[in-house]
Amino acid sequence: FRRTYILEHGLRFQNTRRSNDVCFVDLALALANRIALVPEAYYRYSVDRAGSLQSNKDKFPMATSEAYAAVEAGLRERGVWSTFAGSYLAVYFQAMLYNVVHFRERANVEACYAELRKKVLSIKEELGLGVDSLRTPRQRYLYGLVLEGQPLDRVIAEWYRTRASKPLSIRARLGRKVQPL
């Protein structure tokens with residue numbers, strides 16, 4: 001990111017123990033006039049590494065929800081909420097459902113699911129965003145279960161049942177060849 005861009009849009013990392021980059025990155029991408037995609041991986045994202053913030057997510061169970069609340073507030077303040085609400089919903093839904101499934105403490109699982117359900121119902125009521133607002137058939141299916149008020153344990157079971165056995169490459173996810181810059 002260019003320094004001038006960051007200053008122009010008042011972008012900052014949140015002062016939280018987890019998810020502190022969510023607001024910065026999501027607002028930076030939403031407000032950009034252009035974005036370049038490069039196929040190279042410039043960092044590795046470690047999952048469930050002992051001692052990492054990700055492995056300690058139960059200590060800060062609402063951090064992701066708070067981060068996305070800041071994204072929503074930033075989009076609303078800048079007058080672009082309606083433009084990005086569908087994308088916000090897809091990313092928020094995916095992140096929160098991931099947390100629901102990966103928390104270890106049942107109280108955190110239940111609290112996160114309750115927050116997820118409350119938010120998606122609120123967005124649906126405000127903007128009428130139904131299952132077709134989500135990106136993939138899997139997301140649409142799981143979103144439908146949440147909207148229907150399916151029990152938490154069923155949603156978790158379906159998350160595991162429907163997940164891909166191996167993550168797709170960026171090229172496969174985009175469905176076309178990625179050209180280097």
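This is a predicted model: local features need pLDDT of at least 70, side-chain atom pairs count only at pLDDT 80 or more; totals for chains, interfaces and linings use all residues.
**View 1. Cysteine residues Cys23 and Cys112.** Cys23 is buried, its relative accessible area being 9%. Cys112 is likewise buried, with a relative accessible area of 0%. Both values fall in the buried class because that class is defined as under 20% relative accessible area.

**View 2. Helix α3, spanning residues 63-77.** Helix α3 comprises 15 residues. From its first C-alpha to its last, α3 reaches 21 Å, close to the 21 Å expected at 1.5 Å a residue. After α3 comes Gly79, which has a positive phi near 75°.

View 3. Buried positions in α3 are Ala63, Thr64, Ser65, Ala67, Tyr68, Val71, Glu72, Gly74 and Leu75. Among the elements that cover these buried residues are α2 (22-31), α4 (81-102) and α5 (106-127).

**View 4. The pairing of helices α6 and α7.** Two packed helices are described by the angle between their axes and the distance between the axes. For α6 (residues 137-148) and α7 (residues 152-162), the axes come within 10 Å and cross at roughly 170°. Helix α6 is therefore roughly antiparallel to α7, as angles over 145 degrees fall in that class.

**View 5. Residues at the contact of α6 with α7.** On the α6 side, the contact involves Arg138, Tyr141, Leu142, Leu145 and Val146. These residues meet Arg154, Val155, Glu158, Trp159, Arg161 and Thr162 of α7. Sorted by class, the contact contains 6 nonpolar, 1 polar and 4 charged residues.

Methods
Residues are numbered from 1 along each chain as its sequence is written. Side-chain values use heavy atoms; hydrogens and water are left out. Axes are lines fitted to C-alpha atoms, for helices over the stretch in contact, and angles run from 0 to 180 degrees between N-to-C directions. Helices (H or I, at least four residues) and strands (E, at least two) are DSSP runs, numbered from the N terminus. Angles under 35 degrees count as roughly parallel, over 145 as roughly antiparallel, 65 to 115 as roughly perpendicular and the rest as oblique. Contact means heavy atoms within 4.5 Å. Ala, Val, Leu, Ile, Met, Phe, Trp, Tyr, Cys and Pro count as nonpolar, Asp, Glu, Lys and Arg as charged, and the others, Gly among them, as polar. Buried means under 20% relative accessible area, exposed over 50%, partly exposed in between (1.4 Å probe, protein chains only). The expected span of a helix is 1.5 Å times one less than its number of residues.
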